[in-house]
Amino acid sequence: MQLRLILLIVVFASVTAAAQTTVTLKDAIQTAVVNYPSIKAKKAYMRAAGELVTAAKREQLPNVNLAVQQDYGTINGTNGPLYGFGGLAAASAGPSLATQNWNAAFGALYLTNVNWEFFAFGKYKERVKVAQRAQETNTRDLEQELFEHKVKVAAAYLNLVAGRQIARSYEKNLNRADSIRTFVIARVKNGLVAGVDSSLANAEYSSARILLTNARDKEQEQKNILAQLMGTNNNEFDIDTSFISALPGVYLDTTSEATLHPLLQYYKSRIAVSDEQTRYIRTQYYPGFSLVGLLQSRASGFKSDYASNQNSFSTDYWSGINPNRTNYLFGVGVTWNIMQPVRLSKQVSAQRLISKGLQEEYNLADVAIKQQLQTSKSKMSNALANFKEAPVQVKAASDAYHQKSVLYRNGLTNMVDVTQANYTLIRAETDRDIASNNVWQALLLRAAALGDFNLFEEQLR
């Protein structure tokens with residue numbers, strides 16, 4: 001029985017350990033890049049844009065039509081004009097007889113037609129360029145999405161690390177409050193201190209438990225946010241907090257420009273698409289030169305002397321579909337709708353205005369990124385200053401708390417002084433936990449402003 005119980009404990013421990021897999025910051029970023037739905041969507045859009053480039057290139061291929069037609073019917077003809085609106089008229093051909101007759105036989109048409117617009121003043125090339133620019137825009141959009149999401153995941157991970165550190169500080173605070181409470185209760189029972197001290201100690205212990213519960217609740221919220229950004233429903237994982245204790249090796253790099261920022265590159269690609277669209281519309285002002293080729297064979301059950309002898313026909317199927325007349329045709333032509341410049345001139349004007357609007361959007365993003373660069377510099381400087389001050393604050397607060405505790409144990413001070421010293425200590429410990437995290441957050445902000453996530457990622461161990 002004991003052996004079975006031991007085995008169950010071992011199995012449960014192994015399952016728990018497997019469930020609580022440690023996910024590093026690099027692991028979280030990689031998982032998010034692979035799993036997050038919006039990134040998958042951007043990748044699909046980029047592949048679709050590539051297919052549209054191929055489709056635009058194939059627009060330059062000639063039209064090659066093959067047709068086979070086999071019919072059965074009469075061939076009464078009549079003198080008079082005929083126009084086949086929408087292809088709805090029959091193309092029966094025969095002699096114009098004095099009266100209607102119902103002689104019918106099989107007939108067939110075999111047709112190969114080639115039509116190639118071989119020169120159109122660059123229209124097809126510009127269409128391909130528009131598709132290529134659109135593909136580039138989708139690629140830049142994907143790069144921007146990847147960059148932005150990496151920053152989001154890193155920020156969420158750092159927030160979770162901060163939540164874990166604060167929870168640990170509140171655990172220490174709870175242990176101190178419990179230690180003081182135990183000591184105070186013992187002294188109250190022995191009549192050495194007033195009973196109100198035990199009430200204060202119990203209140204501080206309860207407050208410490210509430211603080212710890214709230215901290216753990218915030219930590220779980222941050223873990224849920226991180227899991228969502230990773231594109232997974234499993235939040236049963238642990239995190240690595242070891243890297244946060246060491247400062248990153250790079251604080252402020254010499255780069256002050258963000259011209260290669262993914263967001264700016266995305267806006268540039270949108271402007272390029274609009275400009276290329278303008279050029280494509282202008283190519284439609286001009287005529288198109290075409291080559292045509294035709295090979296046609298016809299078959300008919302009506303004989304060549306049918307006009308003079310209406311009995312000279314055969315209703316045999318094979319006789320009617322066997323081709324006996326063939327024609328070919330080659331030609332070159334030009335078509336030009338001279339009203340196209342009038343129709344399209346306003347489209348060109350509108351497209352130019354769209355390009356201007358996109359340029360202003362680019363300028364707005366550029367200004368925002370430059371301001372973010374300035375902010376990141378001050379954030380890093382302030383974070384480093386606070387990091388240097390935090391140990392001094394913790395040391396002083398810890399000494400003060402230790403002093404007040406010793407004085408209280410010797411009856412030389414009151415419980416209020418101990419409580420106040422504990423407040424100062426927990427605040428100092430919290431500031432210390434946040435200080436190093438803020439340095440990493442400032443570095444992440446710097447990387448986000450420069451558009452270079454490697455600046456942050458290369459500092460991870």
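The largest cavity is lined by Arg 176, Ala 177, Ile 180, Arg 181, Ala 201, Glu 204, Tyr 401, Met 415, Val 418, Thr 419 and Asn 422. A cavity is a set of points on a 1 Å grid over the protein atoms alone where a 1.4 Å probe fits but cannot get out; lining residues have an atom within 4 Å of a point. This is a predicted model: local features need pLDDT of at least 70, side-chain atom pairs count only at pLDDT 80 or more, and totals for chains, interfaces and linings use all residues. Residues are numbered from 1 along each chain as its sequence is written, and side-chain values use heavy atoms, without hydrogens and water.

**Cavity**
- The structure has 1 cavity of 30 Å³ or more.
- The largest cavity holds about 80 Å³ of space, a volume being the space filled by probe spheres set on the points.
- At least two lining residues come from each of α4 (123–189), α5 (195–229) and α9 (415–450).
- The lining comprises 6 nonpolar, 2 polar and 3 charged residues (Asp, Glu, Lys and Arg count as charged; Ala, Val, Leu, Ile, Met, Phe, Trp, Tyr, Cys and Pro as nonpolar; the others as polar).

**Fold**
- The chain has 10 helices and 6 strands (DSSP runs: H or I, at least four residues; E, at least two).
- Of the 461 residues, 36% are buried (under 20% relative accessible area, 1.4 Å probe, protein chains only).
- Among contacts with a separation of 6 or more, 86% join residues 24 or more positions apart (contact: heavy atoms within 4.5 Å).

**Confidence**
- The average pLDDT is 86, and 89% of the residues score at least 70 (predictor's confidence in each residue, from 0 to 100).
- Where pLDDT is low, predicted coordinates should not be read in detail.

Technical notes. 1 Å grid on protein atoms, 1.4 Å probe; cavity = no way out; pocket = protein on both sides within 12 Å on 5 of 7 lines; lining within 4 Å. Buried < 20%, exposed > 50% of the residue type's maximum accessible area, 1.4 Å probe, protein only.
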